[in-house]
Amino acid sequence: MNTTRSPEGDATAPLAGPVASGAAGRFLAGRTALVTGAASGIGRACAVALADAGAHVYVLDVAKKAADQVAGEIGGTACVSDLADPSAVDLLPTAVDIVVNNAGLQHVAPLHEFPPERFALIQRIMVEAPFRIIRHTLPHMYAQGWGRIVNLSSVHGLRASPFKGAYVAAKHAMEGLSKVAALEGAPHGVTSNCVNPGYVRTPMVEAQISDQARAHGIAESEVLERIMLERSAIKRLIEPAEVAAAVLWLCSENAGFVTGTSLPLDGGWTAH
């Protein structure tokens with residue numbers, strides 16, 4: 001099976017919609033945000049949304065050219081880093097008010113064929129790296145009495161699907177980590193929440209189609225309807241800008257009493 005190794009998203013995807021419009025106001029002026037996997041897709045949409053609301057955004061990604069491009073577009077700062085290296089987090093800025101843990105990768109295979117090294121890599125990038133980033137930035141948030149941690153989980157942090165053992169395990173672990181950060185951060189004015197989208201219109205999702213077809217023994221043309229959208233009441237992919245709008249709301253003062261929760265953007269998947 002092929003492995004898709006990229007942040008969740010598409011560097012060429014349009015950022016149209018309410019998040020990119022500037023209508024949210026500049027309520028994050030003076031704040032600093034760190035977004036991982038920020039050069040494309042969901043991460044890019046989040047970086048644009050946060051910058052549009054006034055934050056200075058650190059655009060963290062393993063892809064230098066794309067990170068530089070996004071940072072230039074939003075007036076942010078590019079941080080080129082491979083989160084597969086645990087020591088990479090030590091070089092990141094600590095004076096960060098908002099953390100958006102978004103970077104991820106996928107591998108589709110049955111458990112008895114799943115490569116152990118792929119499983120370990122997914123846990124490093126999607127569990128250990130968020131832990132290290134939260135640990136790295138919490139002292140600053142605690143010192144100022146304000147902070148926002150938003151973890152891009154997934155409907156797979158709440159539900160399981162076949163052939164995604166490493167991804168489902170990582171997203172479930174992220175849910176637990178987020179709740180612990182919420183409980184510890186509450187006395188210090190720091191909130192921590194997960195956003196749980198269904199299938200988002202990104203290259204990482206599109207790259208799964210051939211693997212899903214092989215794993216389920218169906219044609220590639222059937223994957224979207226029979227696998228990706230089968231459990232969703234709303235029969236379409238969610239757009240990155242829609243996810244970013246939820247992330248932006250969780251960073252607002254109106255969400256100051258929201259912590260330790262998971263916000264499904266799953267088209268009714270978890271209503272079953």
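1. How many bridges pair strand β5 with strand β7, and in which sense do the two strands run? In this predicted model, β5 (residues 98-101) and β7 (residues 147-152) are joined over 4 bridges in the parallel sense. Within the pair, Val99 lies opposite Ile149 of β7.

2. The pair belongs to an open sheet of 7 strands, ordered β4-β3-β2-β5-β7-β8-β9 and paired in parallel. The edge positions are taken by β4 (77-80) and β9 (262-265); each has a single partner strand, so one side of each has no neighbour in the sheet. From one strand to the next, the twist averages 15°.

3. Two helices are placed against this sheet as follows. Helix α3 (residues 116-144) lies across β2 (32-36), β5, β7 and β8 (190-197), and its direction is at about 170° to β5. Helix α4 (residues 165-185) also packs on the sheet, where it touches β5, β7, β8 and β9. The angle between the directions of α4 and β8 is about 155°.

4. A further point concerns a helix pair. Helix α6 (residues 208-216) and helix α7 (residues 220-228) have axes that come within 9 Å and cross at roughly 80°. Because angles of 65 to 115 degrees count as roughly perpendicular, α6 is described as roughly perpendicular to α7.

5. The contact between these helices can be listed by residue. From α6 come Gln208, Ile209, Ser210, Gln212, Ala213 and His216, which meet Glu220, Val223, Ile227 and Met228 of α7. By class, the residues of this contact are 5 nonpolar, 4 polar and 1 charged.

6. On pockets: the largest pocket holds about 190 Å³ of space. Its lining consists of 14 residues, and those nearest the centre are Arg236, Ile238, Leu265, Asp266 and Gly267. The lining divides into 8 nonpolar, 3 polar and 3 charged residues. One of the residues nearest the pocket centre, Leu265, falls within the span of edge strand β9 (262-265).

How values were computed:
Residues numbered from 1 in each chain as written. Predicted model: local features only at pLDDT ≥ 70, side-chain atom pairs only at ≥ 80, totals over all residues. Heavy atoms only, no water. Axes fitted to C-alpha atoms, helices over the stretch in contact; angles between N-to-C directions. Parallel < 35°, antiparallel > 145°, perpendicular 65-115°, else oblique. Contact = heavy atoms within 4.5 Å. Nonpolar A, V, L, I, M, F, W, Y, C, P; charged D, E, K, R; others polar. 1 Å grid on protein atoms, 1.4 Å probe; cavity = no way out; pocket = protein on both sides within 12 Å on 5 of 7 lines; lining within 4 Å. Points joined across faces, edges and corners; volume = space filled by probe spheres on them. Pairing = 2+ DSSP bridges.
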